[in-house]
Amino acid sequence: MATLLIVDDEKSTRDGLRMALEEEFDCYLASSIKEAMSILKSEPIDLLLTDLRLAGDNGMDLLDQALAIPQPPVAVMMTAYGSVDTAVEAMRRGAWNFVTKPLNLDEVELLLKRASRSRSLEKDKVRLEHEVKDLREKAGNRKHGLESLIGKSAAMQKVSELVTQVAPTRATILIEGESGTGKELVAHAIHQLSGRPAEKMLVVNCAALSPQLLESELFGHEKGAFTGASQRRIGRFEQANGGTIFLDEIGEIDQATQVKLLRVLSERTVERVGSNKPINVDVRVITATNKNLRELVSKGEFREDLFFRLNVVRILMPTLCQRAEDVVILAQAFLREFSSENQKKLKPLTDDALSKLRSYSWPGNVRELRTAIEHGVVMSNEDVIGCQHLPYFLNSSEHKPTLSAAQSSPLSVQKEDSHAEQMPLASNEEFNLHVLELQVIRRALRETKDNRTEAARLLGISRRTLQRKLKDIESPS
Ligand SMILES: Nc1ncnc2c1ncn2[C@@H]1O[C@H](COP(=O)(O)OP(=O)(O)OP(=O)(O)O)[C@@H](O)[C@H]1O
Ligand SMILES: [Mg+2]
């Protein structure tokens with residue numbers, strides 16, 4: 001069913017139109033530009049029917065704003081009888097058509113049906129364009145498929161083979177692996193190779209939302225389903241229809257949402273919160289977690305039946321330490337990426353730096369390596385990138401060799417701190433280094449979603465050192 005947003009400042013007109021049109025269209029209502037835009041930005045609206053005269057607002061402004069969003073609706077304007085000039089002006093600005101008030105409801109319905117057909121033709125056109133673009137990219141081999149997964153190790157080859165094998169199927173896939181091992185990258189590769197890459201892949205981070213928000217994000221809700229549900233909301237499953245949904249950090253979802261998700265997977269239907277009308281959805285589900293789901297099942301924190309549904313195909317991402325032979329290839333790739341991003345000359349890593357990279361245990365996996373190389377690129381003002389340009393932890397006496405299996409040994413605070421103070425700093429470089437350090441710290445916090453313990457680990461410093469540096473940032477002396 002096509003979605004229709006009706007905008008009129010008169011309640012009776014809005015309600016009347018809704019009553020006349022709700023059989024044919026999924027209707028949303030708004031009385032001002034502000035309300036209308038907030039719906040247009042959060043819901044996939046196909047058709048917009050708006051009055052040109054809105055109390056305090058000008059319908060023409062709404063038209064301009066609505067047509068400027070990424071997937072604009074087809075707009076039909078309502079104008080007062082006799083104001084053909086404004087109607088013509090609206091069409092010049094991109095409106096599809098107009099109707100005159102007083103409204104003839106049959107005429108409105110007919111026009112909207114035609115608008116809806118034009119909208120689906122438009123959608124087909126966009127899809128075809130995507131497909132053509134995709135074929136072109138395939139021919140030019142620039143797809144974000146397997147080639148974005150860097151690594152020649154046997155462990156990585158196995159992952160690539162599995163991805164190639166399962167991508168074209170509709171099988172549900174569970175990607176497990178430590179943080180930073182490339183789970184999200186693999187999910188994107190699977191979608192790209194799925195044979196339906198023109199369809200969308202929607203990503204939902206299950207850890208980022210409260211249980212109630214997550215539920216309505218995934219399944220949608222009806223107007224009035226709970227306090228604050230002032231409009232109907234189409235959930236991610238419905239939006240992803242025909243494509244892929246990637247549920248990241250699936251280990252974090254609460255019991256009630258687990259039950260609902262199980263129903264979606266077994267019956268291939270969703271029910272919006274506040275409604276018991278099942279809606280068919282055809283969505284490929286990929287999930288990822290850095291937890292061991294089987295363990296959560298045995299602890300009773302994750303439903304076993306859901307686990308079986310999700311675990312149709314399991315891809316276990318190797319840690320970087322398990323594929324140490326890939327470190328140098330990855331480092332070279334990141335070197336190219338960050339040199340060009342920072343508009344710097346591509347410089348080689350010194351032999352010492354390479355051997356440091358090779359022997360480190362990389363508890364934060366590829367993400368940690370990537371950050372370390374970015375640090376090196378930004379810090380080096382010489383013709384090479386040496387150990388002195390890499391983050392502290394690689395040069396630290398705390399440096400853990402690959403085979404020590406010392407991933408979880410806590411860093412000694414005293415040593416760490418005194419080490420940081422011993423860093424040789426030429427005074428004229430001090431200021432720049434401070435600024436760069438801030439950038440690296442901010443980035444680490446962003447990467448870890450403000451988890452300070454994780455961020456400290458990623459940076460290879462103690463949590464206390466990080467706290468101190470953050471305090472310096474907040475109140476510089
Ligand atoms: N094989 C790889 N080749 C190139 N880049 C990689 C590879 N694996 C990971 N990366 C890069 O490392 C970073 C982390 O990857 P990604 O976000 O996919 O990890 P993740 O397993 O989802 O981590 P988390 O559990 O913390 O969400 C990204 O910048 C990604 O591009
Ligand atoms: Mg991830």
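Predicted model: local features only at pLDDT ≥ 70, side-chain atom pairs only at ≥ 80, totals over all residues.
Student: What makes up the chain in terms of helices and strands?
Tutor: There are 20 helices and 16 strands in the chain. Of its 477 residues, 33% are buried.

Student: Why is Asn365 called buried?
Tutor: A residue is buried if 20 or more other C-beta atoms lie within 10 Å of its own. Asn365 has 23 C-beta neighbours inside 10 Å, so the residue counts as buried.

Student: Where is Asn365 found, and what does Asn365 touch?
Tutor: Asn365 is found in helix α15. Leaving aside residues up to four places away in sequence, Asn365 touches Glu178, Ser179, Gly180, Thr181, Thr319 and Leu320. A contact here means C-beta atoms within 7 Å.

Student: How far apart are Asn365 and Gly182 in sequence and in space?
Tutor: They are 183 residues apart in sequence, and their C-alpha atoms are 8.7 Å apart in space. For the chain as a whole, take the contacts between residues at least 6 apart in sequence: 68% of these join residues at least 24 apart.

Student: Which residues are closest to ligand 1?
Tutor: Ile150, Ser179, Gly182, Lys183 and Glu184 are the closest of the 16 residues that surround ligand 1. A residue is near the ligand if its C-beta atom lies within 6 Å of it. Helices α7 (183–192) and α15 (365–379) each supply at least two residues of the shell.

Student: How do you know that ligand 1 lies between domain 2 and domain 3?
Tutor: Both domain 2 (146–316) and domain 3 (321–474) give residues to the shell around ligand 1, so the ligand lies between them.

Student: How many residues of each class does that shell have?
Tutor: The shell around ligand 1 has five nonpolar, seven polar and four charged residues. Gly counts as polar in this division.

Student: What is the strand order of the open sheet that contains β12 and β15?
Tutor: The order is β9-β12-β15-β8-β16, five strands with parallel pairing. What makes β9 (201–205) and β16 (313–316) edge strands is that each has a single partner strand, so one side of each is left without a neighbour in the sheet. The twist averages 20° from one strand to the next.

Student: How do you know that β12 and β15 pair?
Tutor: Two strands pair if there are at least two bridges between them. Strand β12 (residues 244–248) is joined to strand β15 (residues 284–289) by five bridges, so by that definition they pair. The two strands run parallel. Within β15, Thr287 is the bridge partner of Leu247.

Student: What is the order of the open sheet that contains β3 and β6?
Tutor: Its five strands follow the order β2-β1-β3-β6-β7, and the pairing is parallel. Here β2 (26–30) and β7 (97–101) stand at the edges, because each has a single partner strand. Neighbouring strands of this sheet are turned by 20° against each other on average, direction ignored.

Student: How many bridges join β3 and β6, and what lies across β6?
Tutor: Strands β3 (residues 47–51) and β6 (residues 74–80) pair over five bridges in the parallel sense. Met77 in β6 is the bridge partner of Thr50. Helix α4 (residues 84–92) lies across β6 and β7, and runs at about 165° to β6.

Student: Which residues of helix α19 are buried, and what follows the helix?
Tutor: In α19 (residues 452–459), the buried residues are Ala455, Ala456, Arg457, Leu458 and Leu459. Gly460 follows α19, with a positive phi near 75°.

Note on methods. Residues numbered from 1 in each chain as written. Chains lettered and ligands numbered in written order. Buried ≥ 20, exposed ≤ 12 C-beta atoms within 10 Å, placed from the backbone. Helix = DSSP H or I, 4+ residues; strand = E, 2+ residues; numbered from the N terminus. Domains from an automatic or database assignment. Contact = placed C-beta atoms within 7 Å. Axes fitted to C-alpha atoms, helices over the stretch in contact; angles between N-to-C directions.
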